[in-house]
Amino acid sequence: MKIERAYTIVTCPGRNFVTLKIVTGDGAYGVGDATLNGRELAVKAYLDEHVIPCLIGRDSRTIEDIWQYLYRGAYWRRGPVTMAAIAAVDMALWDIKGKHAGMPVYQLLGGRSRHGVMVYGHANGRDHGEAVEAVGRYIDMGYKAIRVQSGVPGLDKAYGVAKGDLYYEPAAKGLPDEEIWDTSLYLRHTPELFRKVRDAYGYDHHLLHDGHHRMTPIEAARLGKDLEPYRLFWLEDATPAENQEAFRLIRQHTTTPLAVGEIFNSIWDCKDLIREQLIDYIRAAVVHAGGITHLRRIADFASVYQVRTGCHGATDLSPVCMAAAVNFGLWVPNFGIQEYMRHTPETDAVFPHNYWFEAGFMMMDEVPGLGVDIDERLAAKYPYERAYLPVARLRDGSMWNW
Ligand code: EZ4
Ligand code: CO
């Protein structure tokens, strides 16, 4: 089917989302998520100015060729802006292909490997007491896997601590907030947090924790060792991975499973991590790693080394991305877990979807395509508002990783 029209929709139902819609000559359409938190309009411009003109008139069925055309054809490869734009096109084309075939995308990929996709929730609190209570609420909601984040005594701010309980949203309007960080305090208090959670609820639930890129490799190695008695499902983003070898040092010291990759854009960002079995879970997401077409390549490569998927799924990844992730997770043989940070009711209303949470799993019906849509009239009521993620500094003022 010929691609007749394509356009981007920016909406802010509490936070910003960029969505690509592709329409074919027979009136079918598909949607793709193109949201890059804090840099949204760069991806919109990349799509509007540089990608959409190349799509018009192409055969929507040639998903692989269009992917290669946009990746190789740009000459400038990889990077979050490029790969989010390619991902949006890819998601929309899979959506259209599913609608034309009358099948959900997971059927096109090879069918269900499981009845549902296990998700982890984000339990958090300003201190250990609040965090332990929050874990209890997630257990009561039926979660099988829970990530636990807490404020750190002596620090005003730590990653993952929400104002409310269910909805964590780090991006804020205005210029970036500045937070002070001190890894030594964090390393002192975090094992204690997990001791309290295990003391309160036992060992029947999977527990996870996000280091959010703030430790050096040797600090991460120590935290991994200290957390071993509490049998974590994973330690996430222990240290930045621009230098993939950094994980070798962590790996030599601890049996706590390691996950990384929510900011990765391509298979090249995780090639050595996977090939050398330095991680257990790869966190690359549909929207930031080039769409279903490329994520499938990463997952297949990872399967050779017994590395499983653990896709990023925070609030800045729209329900369009979540729908793509659930389709992907229902199929992918080496599925591990899927992150699920609940969207607000306003966001869920703008993006009607065919996935739902049930007893710790994300479920999906037999609906053609990705099973998600955008209500454009409702979206138009929420105009874009510039927002940024916070930045972090050490006590002496040096910039650090937020
Ligand atoms: O800070 O998605 O695992 N989830 C995370 C997120 C990230 C945001 C950044 O846009 O680390 O909360
Ligand atoms: Co994370």
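Predicted model: local features only at pLDDT ≥ 70, side-chain atom pairs only at ≥ 80, totals over all residues.
I found an oxygen atom of ligand 1 at 2.9 Å from an N or O atom in the side chain of Asn37, and one at 3.1 Å for His312.

Next I looked up the cover: the protein hides 94% of the 330 Å² of accessible area that ligand 1 has on its own (Shrake-Rupley method, 1.4 Å probe).

I then listed the surroundings. Ligand 1 has 15 residues around it, and Tyr159, His212, Glu236, Glu262 and Asp316 are the closest (near is a heavy atom within 4 Å). By class, I noted five nonpolar, three polar and seven charged residues in this shell (Asp, Glu, Lys and Arg count as charged; Ala, Val, Leu, Ile, Met, Phe, Trp, Tyr, Cys and Pro as nonpolar; the others, Gly among them, as polar).

Which residues coordinate the cobalt ion (ligand 2)? I found Asp210 (OD), Glu236 (OE) and Glu262 (OE), at 2.1 to 2.2 Å (donors are N, O and S atoms within 2.8 Å of the metal, or 3.2 Å for Na, K and Ca; water is not among the atoms, so sites may look incomplete). Along the chain, I read their spacing as D-x25-E-x25-E.

A note on my reading: residues are numbered from 1 along each chain, and chains are lettered from A and ligands numbered from 1, as written. Local features need pLDDT of at least 70, side-chain atom pairs 80 or more, while totals for chains, interfaces and linings use all residues, and side-chain values use heavy atoms, without hydrogens and water.

Key:
Polar contact = N/O pair within 3.5 Å; in protein donor to acceptor, adjacent residues only side chain to side chain.
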